[in-house]
Amino acid sequence: MVTGGAGFIGSTLVDRLLAEGHAVDVVDDLSSGTLANLAEARAGGGQQLSFNRLDVRSPDLVDLMARRHPEVVFHLAAQVDVRSSVLDPVHDAHVNVVGSLNVLEGARAGGATKVVFASSGAADQPVSPYGVAKRTVTEYLRVYRELHELEFTSLALTNVFGPRQDPEGEGGVVAIFAGRLLSGQPCTIYGDGSQIRDFVYVDDVVDAFARAATRGGGLLLNIGTGMETSIRDLHRMMAGAMGADEPPEFAPARGGELDRMVADPARAGIHLGWKPWTTLEDGVASVLRWCHDQSAAD
């Protein structure tokens, strides 16, 4: 089962699991994910794919999981906007903490052997309610492991980017820059652009999730590249790839965002046999191609 399976990471994971021959239940309320992200999976998945439009906070989720008996639950459904968590921490906690507890209760009711959780590098030293919520869920996972023998692996993701990420959304600066560069609009950098991020490509991240289904029990593992890129350098690289010479616009920094988020993935290499392989340049080129194709299709 993949919660948040219609999102850009979740749908890419669904594609990977179906390609490996697994039967997959997708749970998504479509608040940010889209059925378009699952078009290929639905066309080729046949009886191996089931879609369930459900909020992870719904009691119906526990009933569904009790009926479907998923062996492994990949929990990616979340409120992912850091700034929204600052503005409305109660809503963030309802989705990211209470919703996750509902998933754990469903996993227990359905006899699942493992939960693989999409945590965040922002949970290491949280400066936002979003980071606090992600950190809290990993603690709940540890408790469920002790009390109910429900195994888990928690993957602390850095800045994931790739095709299907919404260029109109708030969470992915690569997608946002790509959308604006392709439409000839100026990009906005919040703060002075010196903020450091660790950009990791979605296919590499999905490989980590697939490996975590059977490895890394009881561990919190960083999933990133360990490479530092400033937001200003990211814009310079992407504008250069597009042949765009318009400088970015600058706006005041936004609360709740870290100045630096870079992860050492060494433990993931040891326990999952995982390492990233996609360079930032190659990943950005894939995003630009995808955004261009989407614009042409529209």
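Modeller: In this predicted model, two residues are said to be in contact when heavy atoms of theirs lie within 4.5 Å.

Colleague: With which residues is Met-237 in contact, leaving aside its neighbours within four places in sequence?

Modeller: Met-237, which is found in helix α9, is in contact with Leu-280, Glu-281 and Val-284 once those sequence neighbours are set aside.

Colleague: Why is Thr-12 called buried?

Modeller: Thr-12, in helix α1 (residues 8-19), has a relative accessible area of 12%, and because the cut-off for buried is under 20%, Thr-12 is placed in that class. Apart from its neighbours within four places in sequence, Thr-12 is in contact with Arg-164, Val-202, Asp-203 and Val-206.

Colleague: How are the axes of α9 and α11 placed, and at what angle do they cross?

Modeller: Their axes come within 11 Å and cross at roughly 55 degrees. The crossing of α9 past α11 is right-handed, and the contact is made by Leu-234, Met-237, Met-238, Ala-241 and Met-242 of α9 together with Leu-280, Glu-281, Val-284 and Leu-288 of α11. Those residues divide into 8 nonpolar, no polar and 1 charged.

Colleague: Which residues of α11 are buried, and what covers them?

Modeller: The buried residues of α11 are Leu-280, Gly-283, Val-284, Ser-286, Val-287, Leu-288 and Cys-291, and their cover includes β7 (159-161), α7 (173-182), β10 (199-201), β12 (229-230) and α9 (231-242).

Colleague: What makes α3 roughly parallel to α5?

Modeller: Helix α3 (residues 59-68) and helix α5 (residues 89-109) pack at an angle of about 25 degrees, with their axes 7 Å apart; because angles under 35 degrees count as roughly parallel, α3 is described in that way relative to α5. Their crossing is right-handed, and among the residues that make the contact are Pro-59 and Met-65 of α3 and Asn-102 and Glu-105 of α5. The residues of this contact divide into 8 nonpolar, 2 polar and 1 charged.

Definitions and conventions: Residues numbered from 1 in each chain as written. Predicted model: local features only at pLDDT ≥ 70, side-chain atom pairs only at ≥ 80, totals over all residues. Heavy atoms only, no water. Buried < 20%, exposed > 50% of the residue type's maximum accessible area, 1.4 Å probe, protein only. Helix = DSSP H or I, 4+ residues; strand = E, 2+ residues; numbered from the N terminus. Axes fitted to C-alpha atoms, helices over the stretch in contact; angles between N-to-C directions. Parallel < 35°, antiparallel > 145°, perpendicular 65-115°, else oblique. Left-handed = near helix turned anticlockwise from the far one by under 90°. Nonpolar A, V, L, I, M, F, W, Y, C, P; charged D, E, K, R; others polar.
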